[in-house]
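Thanks for asking me to go through this one with you.

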Amino acid sequence: MATSSENTIAKAAQEVTNDEKETNGTEEVAVEPKTGVSFPIKLDDGKQLNCVGLRKKSMLGFGIKVYSYGMYADNEKLKDLLKSKIGKAPEKPTKELYQMVIDSDVEIVVRLVIVYSSLTISMVRKNFGEGLGASIKKLNGGKKNDELANKVMGQASDDIKLTSGSLIEISRLPGFVLETKVMGEVISKVESELLCRAYINMYLGDDPLDKDAKDKFGISLISLF
């Protein structure tokens, strides 16, 4: 018989699964509610959507919606990782649980859909450099490594024109490789455990870009048990 904590976990996981779910033609999608951007529940290679979120940035005193994002993962490998390390599901997402995902090399894809129509590649480059730089510094004993942070978007040409709806995909691949695609074109592919950990830490660490999205990712992790 299921315990009350197991029932709570199952209910929360179902809420995540059903959150803003719609059908777009024959494709099942989840919708980021603050922007209306939709994300397929599953990618062609089988990776599953674990959460959707929103990146906001303060500009001139206003909170600007920069991009919506969906985080996809190889959930079978995540399940194997978590069960080998923990065994039994915790009652709620813990720092240890998130840290296992951050430190692993299980494949995760973050799909970014641009919302702010005036965004340029140079702005994206600066934004990623700052965000990743701070995350690297936190995980690197307080030491900065701007050169590493700038490798992600540093080679992206200013000629690339971004519009509302433009797609950027950043993937952590097995072997601690961080691959960045802008509108389908590979911009960078960097092998670095620190860089991979720092990137996922931006979404699942102590100071996430969207706490609600992090919480939903955590609940989806518990549901894997």
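1. Let's begin inside helix 2, which covers residues 75-85 and holds both Glu76 and Lys79. The two are three residues apart, about one turn of the helix, and they form a salt bridge whose closest N and O atoms are 3.7 Å apart. Lys79 is partly exposed, at 23% relative accessibility. Please keep in mind throughout that this is a predicted model.

2. Helix 7 has a pair of this kind too: Lys211 and Asp215 both belong to it, four residues apart, again about one turn of the helix. Their side chains meet in a salt bridge at 3.0 Å, N to O. Are the two partners buried or exposed? Lys211 is exposed, with a relative accessible area of 53%, just past the cut-off of over 50%. Asp215 is partly exposed, at 26%.

3. Asp215 turns up again where helix 7 meets helix 3, as one of the residues making that contact. At what angle do helix 3 and helix 7 pack? The angle is about 90°, and the axes of helix 3 (residues 95-103) and helix 7 (residues 211-223) are 10 Å apart. Because angles of 65 to 115 degrees count as roughly perpendicular, that is the label for helix 3 relative to helix 7. Helix 3 contributes Leu97, Tyr98 and Val101, while helix 7 brings Lys214, Asp215, Phe217, Gly218, Leu221 and Ile222. Sorted by class, the contact has six nonpolar residues, one polar and two charged.

4. For a link between separate parts of the chain, have a look at Asp158 and Arg125, whose side chains form a salt bridge at 3.0 Å, N to O. Arg125 sits in helix 4 (residues 121-139) and Asp158 in the loop between helix 5 (146-149) and strand 7 (167-173), so the pair ties together parts that are 33 residues apart in sequence. Both partners are partly exposed: Asp158 has a relative accessible area of 48%, and Arg125 comes in at 23%.

5. How many salt bridges does the structure hold? The count is 13.

6. Finally, the cysteines. The structure holds zero disulfides. Cys51 counts as buried at 5% relative accessibility, and Cys196 is buried as well, with a relative accessible area of 0%; the cut-off for buried is under 20%.

Terms used: Residues numbered from 1 in each chain as written. Predicted model: local features only at pLDDT ≥ 70, side-chain atom pairs only at ≥ 80, totals over all residues. Heavy atoms only, no water. Axes fitted to C-alpha atoms, helices over the stretch in contact; angles between N-to-C directions. Parallel < 35°, antiparallel > 145°, perpendicular 65-115°, else oblique. Contact = heavy atoms within 4.5 Å. Nonpolar A, V, L, I, M, F, W, Y, C, P; charged D, E, K, R; others polar. Disulfide = S-S within 2.5 Å. Buried < 20%, exposed > 50% of the residue type's maximum accessible area, 1.4 Å probe, protein only. Salt bridge = Lys/Arg side-chain N within 4 Å of Asp/Glu carboxyl O.
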